[in-house]
Amino acid sequence: FKGKCAYCGKKLSLETMHIDHVCPKNSGGSNQIENLFPSCPECNASKGIKSLDDFRLHLMLSNSKFFGIINYKQWQGLN
Ligand SMILES: [Zn+2]
């Protein structure tokens with residue numbers, strides 16, 4: 001990932017980098033390297049237990065005019 005957050009592209013340092021489980025451990029995600037992405041603290045905290053698809057939807061909504069009006073779960077319910 002060339003030293004960048006896998007989700008937002010922010011430059012990471014070893015001191016602040018988080019390791020995110022792409023498929024959350026509580027959803028059966030493993031500790032295998034394929035399931036571990038470098039992330040910034042903000043993306044890791046924001047992603048939480050969301051799946052990759054849910055988090056992408058969350059990021060899209062966060063950058064849209066719907067931010068603060070509906071969340072990604074409500075958006076999914078509309079589609
Ligand atoms: Zn990030």
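Reader: Before we go on, where do the coordinates and numbering come from?

Author: It's a predicted model, where local features need pLDDT of at least 70 and side-chain atom pairs count only at pLDDT 80 or more, while totals for chains, interfaces and linings use all residues. Residues are numbered from 1 along each chain as its sequence is written, and side-chain values use heavy atoms, with hydrogens and water left out.

Reader: OK, back to Ile19: buried, exposed or partly exposed?

Author: Ile19 is partly exposed, because its relative accessibility is 44%. The cut-offs are under 20% relative accessible area for buried, over 50% for exposed and partly exposed in between (1.4 Å probe, protein chains only).

Reader: Now the inside. Which residues are in the largest nonpolar core?

Author: Seven of them: Cys5, Tyr7, Leu12, Val22, Cys40, Cys43 and Phe55. A core here is a set of buried Ala, Val, Leu, Ile, Met, Phe, Trp, Tyr and Cys residues joined through side-chain atoms within 4.5 Å.

Reader: What does Cys40 touch, apart from its sequence neighbours?

Author: Leaving out neighbours within four places in sequence, Cys40 contacts Cys5, Cys8, Lys10, Leu12 and His18. Contact means heavy atoms within 4.5 Å.

Reader: And how many aromatic pairs are there?

Author: Four. Rings of Phe, Tyr and Trp (its six-membered ring) pair if their centres lie within 6.5 Å; planes under 30 degrees apart are stacked, over 60 edge-to-face and the rest tilted. Tyr7 and Phe55 are edge-to-face, because their planes are at 85°, with the centres 5.1 Å apart. Tyr7 is in the segment before β1 and Phe55 in helix α2 (residues 52-62), so the pair ties together parts 48 residues apart in sequence. Tyr7 is buried at 15% relative accessible area, and Phe55 is buried at 0%.

Reader: What about Phe66 and Trp75?

Author: That pair is tilted, at 5.4 Å centre to centre with 50° between the planes. Phe66 is partly exposed at 31%, and Trp75 is partly exposed at 23%. Separately, ring pairs link Phe1, Tyr7, Phe37 and Phe55 into a cluster.

Reader: Switching to charges, how many salt bridges does the structure hold?

Author: Two, taking a side-chain nitrogen of Lys or Arg within 4 Å of a carboxyl oxygen of Asp or Glu. Glu42 meets Lys10 at 3.1 Å, N to O. Glu42 is in helix α1 (residues 41-47) and Lys10 in the segment before β1, 32 residues apart.

Reader: And the other one?

Author: Asp20 pairs with Lys47, with the closest N and O atoms 3.3 Å apart. Asp20 lies in strand β1 and Lys47 in helix α1, so parts 27 residues apart in sequence are tied together. Asp20 is buried at 3% relative accessibility, and Lys47 is buried at 0%.

Note on methods:
Helices (H or I, at least four residues) and strands (E, at least two) are DSSP runs, numbered from the N terminus.
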